[in-house]
Amino acid sequence: MSRFSARSWRILAALGFWALIALAIIVRGTAGLFIAYAAGAWLAAFSLLAWKRQDEFERAAQKFSWVFGGLFGLLASLALLPVVTQPGIISPLLGWLTASLTAPDGSPPDPAAPAILLGAVYIALGQLVGFLVCWVGWHVTKR
Amino acid sequence: MKNRIRVLRAEKGWTQADLAKALDVSRNSVNAIENGKYDPSLPLAFKIADVFGLRIEEIFQKD
């Protein structure tokens, strides 16, 4: 197992995380919430294993990308808030999230829950996109 | 920082992949160091020096 490359650990991290998130969405309710926590734990554990297998060049790329890409992704997310909060964009997403968070017995979630979740995911996605842009840029400029 | 890694590697007849394996780093790392796009840490610089049997200052020089 320890002979796995950093890339292998990263692939395992991503596949497991999204599989568990998909399962959480299907299961819903309290059980779905715990599966979502498990997805987070899975991602953290396998990302740590990937990090330990990376060489210093790749670690430098990731540090740079999280600092600057994450920062600019966060700022871009905030700057785009007036656009993404237009009813035509946000209402369908909130509707889908409300349906996803509805318990199996049909009881709806607290009205604030989908909005908070959407806000958190939106910021995280913004930082992830910023990270990826910087990460690609790092590798292109260091060739 | 300038370095002589490309020349030293050629003298040994090694590919970038060979050197990367000896250093336990990726080929991308070796390529970036050779091209002066990335300055290695001190531990890696010592490792590079060990691989070529030289001192650090015989491989790396200030710009």
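Helices (H or I, at least four residues) and strands (E, at least two) are DSSP runs, numbered from the N terminus. The structure is a predicted model, in which local features need pLDDT of at least 70 and side-chain atom pairs count only at pLDDT 80 or more, while totals for chains, interfaces and linings use all residues. Residues are numbered from 1 along each chain as its sequence is written, chains are lettered from A and ligands numbered from 1 in the order in which they are written, and side-chain values use heavy atoms, with hydrogens and water left out.

Chain A contains 6 helices and 0 strands, and its elements follow the order α-α-α-α-α-α from the N terminus on. Along the principal axes, the C-alpha atoms of chain A fill a box of roughly 50 × 40 × 15 Å. The domain assignment divides chain A into domain 1 (1–54) and domain 2 (55–143); such bounds come from an automatic or database domain assignment. The centres of the two domains of chain A, taken over C-alpha atoms, are separated by 18 Å. Their contact (heavy atoms within 4.5 Å) takes 9 residues from domain 1 of chain A and 11 residues from domain 2 of chain A.

Pockets were examined next. On a 1 Å grid over the protein atoms alone, a cavity is a set of points where a 1.4 Å probe fits but cannot get out, whereas a pocket is an open set with protein on both sides within 12 Å along at least five of seven lines; lining residues have an atom within 4 Å of a point. Grid points are joined across faces, edges and corners, and a volume is the space filled by probe spheres set on the points.

The largest pocket has a volume of about 1,800 Å³. It is lined by 46 residues, of which A:Phe17, A:Trp18, A:Ile21, A:Val121 and A:Ala124 are the closest to its centre. At least two lining residues of the largest pocket come from each of helix 1 (6–27), helix 2 (29–53), helix 3 (56–79), helix 4 (81–84), helix 5 (87–101) and helix 6 (112–141) of chain A. Helix 6 of chain A provides the largest share, 13 residues. By class (Ala, Val, Leu, Ile, Met, Phe, Trp, Tyr, Cys and Pro count as nonpolar, Asp, Glu, Lys and Arg as charged, and the others, Gly among them, as polar), the lining of the largest pocket has 34 nonpolar, 10 polar and 2 charged residues.

The second largest pocket has a volume of about 750 Å³. Of its 27 lining residues, A:Gln54, A:Asp55, A:Glu58, B:Val25 and B:Ser26 are the closest to its centre. Helix 1, helix 2, helix 3 and helix 6 of chain A, together with helix 3 of chain B, each supply at least two residues of this lining. The lining of the second largest pocket comprises 8 nonpolar, 6 polar and 13 charged residues.
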